[in-house]
Amino acid sequence: MKIEGEYTFDGPREAVWKLVRDPEVLMKCLPGTQTVNQVSDTEFTGEITVRIGPFSGAFAGRVIVSDEVPPQSCTLTVEGTGKIGFLKGVGSIAMTELEDQKTLMKYTGEAQIGGKVASVGQRLFDSVSKSMVKQGLDTLNEILKSNNA
Amino acid sequence: MEKKLIGKRIPRNEDPRLLTGQAQFVDDVNLPGMLHAAFLRSEYAHARLVSLDVSKARQHPGVVAVYTAEDMGKDWFPGPPLVSPPPTVEDVVFHSRRQVPLVKDKIRHAGEAVAVVIAENRYIAEDAAELIEVEYESLPVIMNIEKALEADSPLVHDDLDSNLAAQLSQKKGDYEAALKEADVVIRRRIVIERGAAAAMENRGVIAQWDAKGEALTVWDTTQAPIPIRNGLAARLGLSESQVRVIAPYIGGGFGPKIMMFYPEEMLIPWLAMKLNRPIKWIEDRRENFYATTQERGQVHDVEIALTRDGKVLGLKDNFLHDTGAYDPYGLTIPINTQCHVMGGYDIKNFTSEFKVVFTNKIIVTPVRGAGRPQGIFIIERMMDFAAKELGIDPVEIRKRNLIQPNAFPYEHGIIDQAFAPLILDSGNYPAVLQKTLDAIGYEKFIKEEQPRLRKEGKYVGIGVVPFIETTGIGPYEGARVTVEASGKVNVATGIGTQGQGHFTSFAQIVAEQIGVKVTDVRIVTGDTSEFHWGTGTFASRGAVVAGSAIHAASSMVRKKIFTLASKILETPEEELELEDGAVRVADMPQRFISLGELALLANPLRGAVEPGTEPGLESTAYYGPRYGPTAFGAHAMILELDPDTMMVKVRRYVVTEDCGTVLNPLILEGQVHGGVSMGLGNSYYEQLHYDENGQLLNASFADYLLVGATEMPNIEVHHVETLSPLNELGVKGAGEAGAIPVPAVFAQAVENALSDREFEINEMPLSPNRLFELVKS
């Protein structure tokens with residue numbers, strides 16, 4: 001399954017990059033996140049509760065950041081398992097500076113899901129993941145704006 | 001003898017019980033002290049089982065036991081091969097790989113059982129199953145049957161050199177010579193995808209071990225209780241007489257409930273003995289999608305050689321058949337496809353090779369039609385393409401090639417699914433086709449209605465397809481018919497029943513011979529303690545094989561009745577009449593004896609039973625055909641299509657079925673209706689969608705679209721009766737018939753409706769979106 005999109009932040013690229021790489025911020029941004037632990041500079045573990053249609057459940061997972069070109073781009077490898085299935089994915093984000101101190105983020109990724117999430121939830125997974133991403137990026141943008149204010 | 005009951009539209013004996021909720025299904029069985037099972041199933045389609053920690057689940061309150069493959073010790077071994085390997089046909093390849101009770105090392109399809117939890121109730125069992133910690137090492141997933149055969153493909157079974165499960169070639173005549181003579185050769189690639197059987201009742205197994213009586217009773221939603229009994233006895237080290245398998249009322253079989261030896265069927269009885277407690281497992285719908293077998297996936301490369309006037313000279317069909325992770329059912333499905341790909345046509349030159357391929361999908365075993373719909377879809381599509389290319393009417397090209405009534409028995413010279421010669425025993429194919437054409441008004445539709453409706457902007461199309469159905473294969477079935485002292489008749493046979501109306505059609509066969517009311521015949525099916533020889537209900541064989549055994553036993557009882565009555569009434573047998581539950585002297589109706597009294601006299605408490613005779617008015621008989629009869633039929637539909645949305649409405653649906661003697665038209669029509677609904681599902685609604693990682697993406701009825709009442713057309717059923725010479729009743733099977741030709745008719749009708757567009761249907765099932773893509777591309 002492909003996840004793809006773009007988002008315009010109301011702030012400079014350096015500031016966005018800093019927020020993206022801050023686990024505390026990520027925890028606030030991703031809806032349902034219970035814990036985030038930084039294992040190393042490029043590896044995070046955590047727990048997230050997700051509701052997809054009739055199912056909700058906690059996923060325990062790991063995110064690895066690689067191919068980092070600050071403040072421009074990086075690759076994220078995500079792995080999560082829980083009672084309602086599993087998720088594996090690789091994605092990349094790329095940011096370019098726009099005029100007026102704005103930043104355009106383009107993200108693209110391939111996710112593989114399994115278990116109940118796939119067999120019963122797949123029809124909803126697409127919209128759930130899109131809305132989670134949007135909600136997350138909106139929150140990130142709010143934090144960005146309040147930091148700048 | 002003129003038939004009084006056979007062929008009559010008699011309401012079903014079983015319906016009052018079924019309609020008032022009094023029929024016992026497996027889940028209705030509740031035993032004191034019964035425990036409940038839940039399975040932990042793999043979420044991965046292909047993975048190595050790295051570690052399995054069940055300790056938390058074992059500690060969960062209410063949990064009695066948790067078992068893994070390791071815990072089974074020496075009792076862990078794969079299920080038995082269900083269908084004997086093919087005979088030594090030249091160059092045949094067959095690698096038998098069977099499903100296991102619980103995965104030990106490697107998962108081969110999503111949904112394979114990894115552990116089983118036994119608890120005080122199902123809720124606890126399911127909760128505890130979630131506490132099991134499993135570590136999987138995921139492996140590359142094999143999904144595409146063509147890629148699966150490439151040299152660098154990962155393997156489903158590591159001990160094999162490739163994913164090739166089996167390979168078989170069959171030939172007739174000289175195809176290469178036919179090709180040289182042909183005016184036209186048409187080649188296509190045709191792809192057919194999987195659907196589910198989706199029986200209303202999911203599977204279920206309940207087992208009870210009586211330690212003091214040393215007897216095991218198993219209630220199982222199986223179509224074949226006797227093979228399950230035999231297999232369980234062998235597996236558990238018991239005598240067959242210590243195991244009783246009961247297949248009570250079953251809410252639909254459709255193939256996947258045949259003697260599969262599903263992991264649950266092996267495990268639940270074993271656990272009941274181990275724990276000495278009754279255990280129940282009822283499959284839920286999601287499990288049914290993941291753990292119950294499926295069918296239909298094939299890729300065909302087909303070539304047809306014809307003369308300019310549309311006479312088929314030869315057919316070549318090489319295809320791949322997806323068997324999923326294991327191949328317990330041998331070669332039944334692809335051989336059926338091979339045997340149906342010539343349809344009802346007189347094709348002299350034929351060559352076909354199939355390769356059966358292992359993939360990381362759910363296991364494939366027969367689903368209503370069992371390879372036949374694919375074969376019919378292929379030949380009928382090719383007939384349509386040929387008709388178009390040669391400018392011949394699609395019905396006309398079929399008429400030119402149908403096997404003629406004087407050609408029977410028609411020997412194809414290839415083997416069928418039972419490895420018996422493929423011989424079409426009897427039929428009047430042109431008459432069946434003509435009756436269908438007349439009923440749907442083919443000429444009038446093409447010449448008048450379609451042009452008129454087209455002018456009104458309506459896209460309407462017609463499809464007409466004839467088909468064969470091989471039915472009623474061996475090895476054999478048996479039955480015991482007993483006239484009891486009440487004057488009523490008890491009949492026991494070994495097959496199971498899943499809604500086919502056996503309690504009525506079999507009763508009609510008996511009542512016809514024994515002169516009782518149909519409602520006075522009690523039929524017992526699917527209980528190994530009542531009758532313990534036989535095979536099961538599959539391959540459209542119940543009426544043919546068990547019905548013939550019942551007929552034979554009834555005839556023998558009839559003889560006994562006459563012999564004894566003749567003695568008692570002191571009248572020669574030829575002057576006696578058997579009717580209304582009594583034997584009468586033909587010209588002295590006041591001189592009679594009832595069957596009940598006769599049954600008492602046949603089983604006396606004093607006196608002596610004469611040497612060489614048997615007590616009671618009872619007989620047991622068996623019937624085993626050398627080969628099965630082949631039914632024939634034709635379906636026609638008129639559909640209307642909205643070219644913007646590609647939504648389809650079937651306006652008319654006509655079926656002519658020739659299954660030999662019709663035992664009960666009401667029941668036959670019901671079978672046909674059910675089959676057509678499955679066939680429509682296979683055409684436009686039902687498809688199992690897997691992603692590239694082996695995840696089934698529509699494992700619920702919210703996403704897997706069954707045909708509903710609103711999609712179902714009214715179905716007109718007509719009959720032609722060409723009696724089979726192979727059995728005394730003259731019957732041929734009809735259980736799968738309804739489903740077989742529907743996708744072929746549907747494709748033809750859709751192309752006909754959109755004849756102003758350039759597109760071709762080379763795949764099934766379709767859907768509105770897929771058809772939209774095909775037409776627009």
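Reply: B:G73 lies in the loop of chain B between strands β3 (63-68) and β4 (93-94); helices (H or I, at least four residues) and strands (E, at least two) are DSSP runs, numbered from the N terminus. The model is a predicted one, in which local features need pLDDT of at least 70 and side-chain atom pairs count only at pLDDT 80 or more, while totals for chains, interfaces and linings use all residues. Residues are numbered from 1 along each chain as its sequence is written, and chains are lettered from A and ligands numbered from 1 in the order in which they are written.

B:G73 counts as exposed because it has 7 C-beta neighbours inside 10 Å. A residue is exposed with 12 or fewer other C-beta atoms, placed from the backbone, within 10 Å of its own, buried with 20 or more, and partly exposed in between. The C-alpha atom of B:G73 is separated by 57 Å from that of B:M637, which is 564 residues away along the chain.

Elsewhere in chain B, an automatic or database domain assignment gives domain 1 (298-473 + 627-776) and domain 2 (474-623). Their C-alpha centres lie 39 Å apart. In all, 22 residues of domain 1 of chain B are in contact with 19 residues of domain 2 of chain B, contact being C-beta atoms, placed from the backbone, within 7 Å. On the domain 1 side, helix α16 (residues 665-685) of chain B supplies the largest share, 3 residues. That side comprises 9 nonpolar, 9 polar and 4 charged residues; Ala, Val, Leu, Ile, Met, Phe, Trp, Tyr, Cys and Pro count as nonpolar, Asp, Glu, Lys and Arg as charged, and the others, Gly among them, as polar.

Between the chains, the contact takes 14 residues from chain B and 12 residues from chain A. The chain B side of it has 6 nonpolar, 3 polar and 5 charged residues.

In chain A, 7 strands form an open antiparallel sheet in the order β1-β7-β6-β5-β4-β3-β2, where two strands pair if DSSP finds at least two bridges between them. Strands β1 (2-9) and β2 (33-38) of chain A each have a single partner strand, so each edge strand has one side without a neighbour in the sheet. On average, neighbouring strands are turned by 20° against each other, direction ignored; axes are lines fitted to C-alpha atoms, for helices over the stretch in contact, and angles run from 0 to 180 degrees between N-to-C directions. Strand β6 (residues 85-97) of chain A is joined to the antiparallel β7 (residues 103-114) by 12 bridges, and A:F86 stands opposite A:G114 in β7(A).

Helix α1 (residues 13-20) of chain A lies across β1, β6 and β7, at about 160° to β6(A). Its buried residues are A:R13, A:V16, A:W17 and A:V20. They fall within an arc of 100° seen down the axis of α1(A), so they line one face of the helix; the arc is that of the directions from the helix axis to the C-beta atoms. These residues pack against β1, β6, β7 and α4 of chain A. Helix α4 (residues 122-148) of chain A lies across β1, β3 (43-52) and β7, running at about 20° to β1(A).

A:V39 sits in the loop between β2 and β3 of chain A, and it counts as exposed because it has 12 C-beta neighbours inside 10 Å. Beyond its neighbours within four places in sequence, A:V39 is in contact with A:F44 and A:T45.

Technical notes: Contact = placed C-beta atoms within 7 Å.
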